[in-house]
Amino acid sequence: MPTVPHAVPRLAQFAVWWSDTTHPVLSNPWVLDDEERERWSRYASRASAARYFGAHALARYVLGQLLGVDPSRVEFDRTCPRCGAKHGKPRIIWPESPLDFSISVSADRALLGVSQNTRVGVDLEYQSPQFDVSALARQWLTAPERSIMSALPAKDRKTWVLQPWTQNSATLKALG
């Protein structure tokens, strides 16, 4: 068996948590940092504000547990690597950690993916009974894909469109 000339990286580990954003795992707004509280305060609807808070409370709770620190003490950097603005994918800067994470929110559910030693992206999409995939299909699918979708039973079309949509969104989130 040949020898390996370089160190072999540790295998990545990955876990997922979800939460009902109407009943967040933490309820104290001071668990959020200043940027998160400011953004949370800008939501016009109570439901959107609850989703934002619930998702970020979940992330802070889980990351705090994994890192062995109070959730409010976890520090993030949201600097966009392309333009330098504060809208980039959050990354943990304190405590120093090999963890990466991704948050997704849809309806009243929050999804959190956490990985070690590799990038992670998650996406969650609620399949509302009223959601019409036609507009999404016209905008994002190729003509052959729209033909395939049209040939499917109506009950399967949402899943057929949303499955690759969520996969692509999760991939983009992983890349930052």
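Buried residues are those with under 20% relative accessible area, exposed residues have over 50%, and partly exposed residues lie in between, as computed with a 1.4 Å probe on protein chains only. The views below come from a predicted model, in which local features need pLDDT of at least 70 and side-chain atom pairs count only at pLDDT 80 or more, while totals for chains, interfaces and linings use all residues. Residues are numbered from 1 along each chain as its sequence is written, and side-chain values use heavy atoms, with hydrogens and water left out.

**View 1. Strand 5 and its two partners.** Helices (H or I, at least four residues) and strands (E, at least two) are DSSP runs, numbered from the N terminus. Strand 5 is largely enclosed by the rest of the structure, because seven of its eight residues are buried. Two strands are said to pair if DSSP finds at least two bridges between them. Strand 1 (residues 13-20) runs antiparallel to strand 5 and is joined to it by eight bridges, and strand 4 (residues 99-106) also pairs with strand 5 in the antiparallel sense, over eight bridges. Which residue of strand 5 stands opposite Gln 13? It is Gln 116, and Gln 116 is also the bridge partner of Leu 99. Strand 4 and strand 5 form a hairpin with two residues between them, and in the turn Ala 107 has a positive phi of about 55 degrees.

View 2. Ser 115 has its place in strand 5 (residues 109-116). Is Ser 115 buried or exposed? Ser 115 counts as buried, because its relative accessibility is 2%. Contact here means heavy atoms within 4.5 Å. When neighbours within four places in sequence are left aside, Ser 115 is in contact with Gln 13, Phe 14, Pro 98, Leu 99, Asp 100 and Val 120. A polar atom of the Ser 115 side chain also lies 2.4 Å from the backbone oxygen of Thr 118.

**View 3. Two cysteines without a disulfide.** A disulfide is a covalent bond between the sulfur atoms of two cysteines. In this model a disulfide is taken to be a pair of cysteine sulfur atoms within 2.5 Å, and by this rule the count comes to zero. Cys 80 counts as buried because its relative accessibility is 10%, whereas Cys 83, at 53%, counts as exposed.

View 4. Side chains of opposite charge can pair when their charged atoms come close. A salt bridge is counted when a side-chain nitrogen of Lys or Arg is within 4 Å of a carboxyl oxygen of Asp or Glu, and a search of the whole structure finds 14 of them. Arg 78 forms a salt bridge with Glu 35, with the closest N and O atoms 3.7 Å apart. This pair links distant parts of the chain, since Arg 78 is in the loop between strand 2 (75-77) and strand 3 (91-94) and Glu 35 is in helix 1 (residues 34-41), 43 residues apart. Glu 35 is partly exposed, with a relative accessible area of 36%. Arg 78 also meets Glu 36 in a salt bridge (3.1 Å, N to O). Because Glu 36 lies in helix 1 and Arg 78 in the loop between strand 2 and strand 3, the pair ties together parts that are 42 residues apart in sequence. Both Glu 36 and Arg 78 are buried. A network of salt bridges links Asp 33, Glu 35, Glu 36, Arg 60 and Arg 78.

**View 5. Tilted aromatic pairs.** Rings of Phe, Tyr and Trp (its six-membered ring) pair if their centres lie within 6.5 Å, and planes under 30 degrees apart count as stacked, over 60 as edge-to-face and the rest as tilted. The structure holds four aromatic pairs. Among them is the tilted pair of Tyr 43 and Tyr 52, at 5.4 Å centre to centre and with 40 degrees between the planes. Tyr 43 is partly exposed, with a relative accessible area of 30%, whereas Tyr 52 is buried at 7%. Phe 76 and Phe 101 also form a tilted pair, at 5.3 Å centre to centre and with 55 degrees between the planes. Because Phe 76 lies in strand 2 and Phe 101 in strand 4, this pair ties together parts that are 25 residues apart in sequence.

Definitions and conventions:
Polar contact = N/O pair within 3.5 Å; in protein donor to acceptor, adjacent residues only side chain to side chain.
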